[in-house]
Amino acid sequence: MSKRFLEITQPAKVHFGPGCIGFIHEAVIAEELKEVYVVVVPELMDTLDPVFEKLRNAGIRVILDDTIAGEPTIKMLEKSAQFASETKVDGVIGIGGGSV
């Protein structure tokens, strides 16, 4: 079975598919991002620690948000968008089910 993932650019990039989580740090580094806001479902926090560590080791500041569990409401999305805008992060990463 081949491992493939999908990248969609318009205007942001979306990486999707089996194994793509292992490439997050490479994509962030390639984009020369210095600070990222990561929205992740709480259940994946421990699993993703190695990914966050790779980002930090590359000198990238990682701001984690695990407050969105399940289907997000419009209010949750607005709050996250406002936070990302106010902190002026270079990028936003959503990890979780299809909703995040």
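Which residues does His25 touch, not counting residues up to four places away in sequence? In this predicted model, the residues in question are Lys54 and Leu55. His25 itself belongs to helix 1, which spans residues 24-30. Its relative accessibility is 13%, and because buried means under 20%, His25 counts as buried. A polar atom of the His25 side chain also lies 3.5 Å from the backbone oxygen of Gly22.

Three strands form an open sheet in the order 4-3-5, and the pairing is parallel. Strand 4 (61-65) and strand 5 are at the edges; each has a single partner strand, so one side of each is left without a neighbour in the sheet. On average, neighbouring strands of this sheet are turned by 25 degrees against each other, direction ignored. In general, strands of a sheet pair through backbone hydrogen bonds, in either a parallel or an antiparallel manner. Strand 3 and strand 4 run parallel and are joined by 5 bridges. Opposite Val38 stands Leu64 in strand 4.

Two helices lie across this sheet. Helix 2 lies across strand 3, strand 4 and strand 5, and runs at about 160 degrees to strand 4. Helix 3 also lies across strand 3, strand 4 and strand 5, and runs at about 165 degrees to strand 3. Helix 3 covers residues 74-87 and includes Ser80. With a relative accessibility of 10%, Ser80 counts as buried. Beyond its neighbours within four places in sequence, Ser80 is in contact with Tyr37, Asp65 and Ile68.

The nonpolar residues were examined next. In soluble globular proteins, nonpolar side chains tend to be buried together. The largest nonpolar core here has 15 residues, and those with the most contacts inside it are Val28, Val36, Val38, Ile93 and Ile95. Two or more residues of this core are given by each of helix 1, strand 3 (35-40), helix 2 (45-57) and strand 5 (91-95). Helix 2 supplies the largest share, 5 residues. For Val28, leaving aside its neighbours within four places in sequence, the contacts are Leu33, Val36, Leu55, Ile60 and Ile93. Another core, of 6 residues, lies apart from the largest one, and among its members are Ile63, Ile68, Ala84 and Val89.

Charged side chains were considered as well. Side chains of opposite charge can pair when their charged atoms come close. The structure holds 1 salt bridge, in which the side chains of Glu35 and Arg61 meet at 2.1 Å, N to O. This pair links distant parts of the chain, with Glu35 in strand 3 and Arg61 in strand 4, 26 residues apart. Glu35 counts as buried at 14% relative accessibility, whereas Arg61, at 52%, counts as exposed.

Lys34 is placed in the loop between helix 1 and strand 3. Because exposed means over 50%, Lys34 counts as exposed at 56% relative accessibility. Not counting residues up to four places away in sequence, Lys34 touches Gly59, Ile60, Arg61 and Asp90. Among these, Arg61 is the residue whose side chain meets that of Glu35 in the salt bridge. Lys34 and Val89 are 55 residues apart in sequence, and their C-alpha atoms are 8.0 Å apart in space.

Gly91 lies in strand 5. This glycine is buried, with a relative accessible area of 12%. The C-alpha atoms of Gly91 and Tyr37 are 6.3 Å apart in space, while the two residues are 54 residues apart in sequence. Leaving aside its neighbours within four places in sequence, Gly91 is in contact with Leu33, Glu35, Val36 and Tyr37. Among these contacts, Glu35 takes part in the salt bridge with Arg61, and Val36 is one of the residues with the most contacts inside the largest nonpolar core. Tyr37 is also among the contacts of Ser80, a residue of helix 3.

Technical notes: Residues numbered from 1 in each chain as written. Predicted model: local features only at pLDDT ≥ 70, side-chain atom pairs only at ≥ 80, totals over all residues. Heavy atoms only, no water. Helix = DSSP H or I, 4+ residues; strand = E, 2+ residues; numbered from the N terminus. Buried < 20%, exposed > 50% of the residue type's maximum accessible area, 1.4 Å probe, protein only. Polar contact = N/O pair within 3.5 Å; in protein donor to acceptor, adjacent residues only side chain to side chain. Contact = heavy atoms within 4.5 Å. Core = buried A, V, L, I, M, F, W, Y, C linked by side-chain atoms within 4.5 Å. Pairing = 2+ DSSP bridges. Axes fitted to C-alpha atoms, helices over the stretch in contact; angles between N-to-C directions. Salt bridge = Lys/Arg side-chain N within 4 Å of Asp/Glu carboxyl O.
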